[in-house]
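This briefing is for a reader who has not seen the structure before. Look over the sequence and the model first, then read on.

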Amino acid sequence: MHELSLTRSLLEIVEDYARREGFTKVRSLKLSFGRLSCIDPEAFRFAFSVQARGTKAEGAELEFDIRPAVLYCFRCEREFSSDAFRPACVHCGGEEVLLTRGTEEMKLLEMDVD
Ligand SMILES: [Zn+2]
């Protein structure tokens with residue numbers, strides 16, 4: 001499962017910070033990723049709650065900032081966002097579109113610690 005390796009590397013980052021900064025507990029974590037990056041927030045939450053047991057991040061709240069998918073239309077040369085997997089341009093209906101954003105990897109934006 002994809003989410004398991006993600007939570008594992010997130011927890012490694014947290015432990016690393018804890019060693020350097022000397023905090024004892026993580027209250028919340030804010031993460032961002034693209035809507036099309038194949039990360040299921042609920043699966044991630046679950047994997048995190050299991051793997052964080054016994055670490056400084058146990059019980060930490062997770063907040064997700066999910067970035068929208070953005071497509072570029074070759075016909076009218078404009079950008080638009082879409083949740084559809086086979087999208088057409090919202091401006092002109094053109095189907096020659098290129099995905100420009102939405103597949104961003106997971107990133108740690110903020111960490112609230114004690
Ligand atoms: Zn268009």
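This is a predicted model: local features need pLDDT of at least 70, side-chain atom pairs count only at pLDDT 80 or more; totals for chains, interfaces and linings use all residues.

**Overall form**

- The C-alpha atoms fill a box of roughly 55 × 25 × 15 Å along the principal axes.
- Of the 114 residues in the chain, 17% count as buried.
- The chain contains 2 helices and 6 strands, and their order along the sequence is α-β-α-β-β-β-β-β.
- Among contacts in the chain with a separation of 6 or more, 72% are between residues 24 or more positions apart.

**The two helices**

- Helix α1 covers residues 2-21 and helix α2 covers residues 41-51. The two pack at an angle of about 50 degrees, and their axes are 9 Å apart.
- The crossing of α1 and α2 is right-handed.
- On the α1 side, the contact is made by Glu3, Leu4, Leu6, Thr7, Arg8 and Leu11. On the α2 side, Ala43, Phe44, Ala47, Phe48 and Gln51 take part.
- Sorted by class, the contact of α1 with α2 has 7 nonpolar, 2 polar and 2 charged residues.

**Alanine 57**

- Alanine 57 sits in the loop between α2 and β2, the latter being residues 61-67.
- Is alanine 57 buried or exposed? Alanine 57 counts as buried because it has 26 C-beta neighbours inside 10 Å, and the cut-off for a buried residue is 20 or more.
- Apart from neighbours within four places in sequence, alanine 57 is in contact with Leu11, Val14, Val26 and Ala52. Leu11 also belongs to the set of α1 residues that meet α2.
- Threonine 24 lies 33 residues from alanine 57 along the chain, and the C-alpha atoms of the two are separated by 8.9 Å.

**Leucine 108**

- Leucine 108 is part of strand β6, which spans residues 107-113.
- Leucine 108 has 14 other C-beta atoms within 10 Å and is therefore partly exposed.
- Which residues does leucine 108 touch, not counting those up to four places away in sequence? They are Leu10, Ile13, Leu29 and Leu31.
- The C-alpha atoms of leucine 108 and leucine 29 are separated by 7.3 Å, although these residues are 79 residues apart along the chain.

Terms used: Residues are numbered from 1 along each chain as its sequence is written. Axes are lines fitted to C-alpha atoms, for helices over the stretch in contact, and angles run from 0 to 180 degrees between N-to-C directions. Helices (H or I, at least four residues) and strands (E, at least two) are DSSP runs, numbered from the N terminus. A crossing is left-handed if the near helix is turned anticlockwise from the far one by less than a right angle, and right-handed if clockwise. Two residues are in contact if their C-beta atoms, placed from the backbone, lie within 7 Å. Ala, Val, Leu, Ile, Met, Phe, Trp, Tyr, Cys and Pro count as nonpolar, Asp, Glu, Lys and Arg as charged, and the others, Gly among them, as polar. A residue is buried if 20 or more other C-beta atoms lie within 10 Å of its own, exposed if 12 or fewer, and partly exposed in between; C-beta atoms are placed from the backbone.
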